[in-house]
Amino acid sequence: MAGHEYVSAEQLAGFDKYKYSAVDNNPLSLYVMHPFWNTVVKIFPTWLAPNLITFSGFLLLVFNFFLMAYFDPDFYASAPDQEHVPNGVWVVVGLLNFMAYTLDGVDGKQARRTQSSTPLGELFDHGLDSWACMFFVVTVYSTFGRGPNGVSVFVLYLLLWVVLFSFILSHWEKYNTGILFLPWGYDISQVTISIVYIVTSIVGVEAWYNPFLFSFLYRDLFVAMIIGCALTVTIPMSLLNYYKAYKSKTLKHHSFYEAMLPFLSPVLLFVLCTIWIFHSPSDILEAHPRLFYFMVGTAFANISCRLIVCQMSSTRCQPLNALLLPLALVILVVISGFLPQHETFLLYLLTCFVTLAHIHYGVGVVSQLSKHFNIRTFSLRKPSSD
């Protein structure tokens with residue numbers, strides 16, 4: 001298993017022919033963030049590898065996730081009469097979130113600046129982004145939590161899926177059109193989240209208890225923004241882009257089944273996890289929401305990464321992800337009543353397995369492509385020829 005090669009010869013050949021094609025027409029990105037990133041990237045030395053910038057930004061989001069897990073493990077810290085997250089922590093989380101967003105924006109510019117752009121860089125960037133979706137959604141949940149003025153853990157579970165679906169939708173577009181249409185919601189959400197963290201450090205979580213308009217609470221605005229962005233921007237623009245490709249006869253997959261294949265594994269993941277929630281003997285989502293979100297987000301990231309490999313190499317998407325099998329087995333054992341008292345242990349065990357499997361996949365793919373392109377993942381120096 002240690003030497004398993006995840007990228008097939010056909011996919012390696014596809015990567016050799018790959019050409020980057022993306023469209024970014026978000027006004028916030030074009031007129032505010034890109035000029036800012038063009039200035040920031042000049043700070044970095046030209047010997048700094050773009051992938052190191054990408055990975056550093058991702059680690060900041062992971063740090064935020066675990067920092068908030070320490071101060072708010074069960075999402076009750078923002079509720080009335082609870083010990084709140086210290087204001088200084090909100091400042092740290094807000095600054096690190098914006099730094100992560102900035103690093104994600106400048107890594108590609110550093111690649112072009114150092115003439116080190118490769119398909120591996122794009123795969124590495126978007127692969128980490130697929131995992132990052134879970135980290136920043138779950139972290140921002142702590143601003144409201146699940147107290148009387150917050151949202152339930154099940155509502156957050158659904159909101160997490162809205163974000164995950166929005167992410168994979170852009171890569172579904174590219175799988176079918178060959179062009180990555182960068183979603184507007186990402187830039188807007190990252191700037192907004194960073195501001196919310198800083199504002200929270202100043203006014204305190206108590207400020208979010210009050211209605212912002214009539215009887216609508218800020219938690220309602222939080223929910224409305226995520227769902228509204230998906231329904232009014234992300235989905236309509238994706239369908240429009242797909243329709244344009246259809247009209248211009250530039251679609252890469254012409255049958256409905258082949259076009260929709262990338263959605264099969266994510267939908268099954270959602271269905272399986274939702275079945276577990278509703279049939280859990282110990283109400284697993286209520287008992288361990290953070291761990292459950294982590295498991296779902298990690299499994300989703302693996303599905304997304306495999307799709308990204310296929311769309312970049314112009315190969316057929318795999319219908320079913322292998323991680324769905326252990327998930328289905330655990331759910332079967334739990335809801336059949338064989339080991340109801342060990343449900344928590346099974347969730348921990350499954351989460352560890354899914355995480356290790358995903359890391360093994362990621363390291364394996366990156367190592368294989370680094371060797372194929374004769375480059376170092378985190379250095380601009382060429383590998384020795386001997």
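This is a predicted model: local features need pLDDT of at least 70, side-chain atom pairs count only at pLDDT 80 or more; totals for chains, interfaces and linings use all residues.
Residues are numbered from 1 along each chain as its sequence is written, and side-chain values use heavy atoms, with hydrogens and water left out.

Let me start with the salt bridges, a term that here means a side-chain nitrogen of Lys or Arg within 4 Å of a carboxyl oxygen of Asp or Glu. The structure holds 4 of them, and I will take you through some of these pairs.

In one of them, Lys 174 pairs with Glu 122, and the closest N and O atoms are 2.7 Å apart. Lys 174 belongs to helix 6 (residues 153-177) and Glu 122 to helix 5 (residues 119-140), so this contact ties together parts that are 52 residues apart in sequence; helices here are DSSP runs of H or I with at least four residues, numbered from the N terminus. Lys 174 is buried, at a relative accessible area of 2%, and Glu 122 is buried as well, at 9%, where buried means under 20% relative accessible area, exposed over 50%, and partly exposed in between, with a 1.4 Å probe and protein chains only.

Another salt bridge joins Glu 286 to Arg 146, at 3.0 Å from N to O. This pair links distant parts of the chain, 140 residues apart, with Glu 286 in helix 11 (residues 284-287) and Arg 146 in the loop between helix 5 and helix 6. Glu 286 is partly exposed, at 35%, whereas Arg 146 is buried, at 11%.

Asp 220 and Arg 219 also form a salt bridge, at 3.8 Å from N to O; Asp 220 is partly exposed at 29%, and Arg 219 is partly exposed at 22%.

Now to the second largest pocket. A pocket is an open set of points on a 1 Å grid over the protein atoms alone, where a 1.4 Å probe fits, with protein on both sides within 12 Å along at least five of seven lines, and lining residues have an atom within 4 Å of a point. The second largest pocket is lined by 23 residues, and Phe 124, Leu 128, Trp 131, Gly 362 and Val 363 lie nearest its centre. Helix 14 gives the largest share of this lining, 7 residues.

Note on methods
Helices (H or I, at least four residues) and strands (E, at least two) are DSSP runs, numbered from the N terminus.
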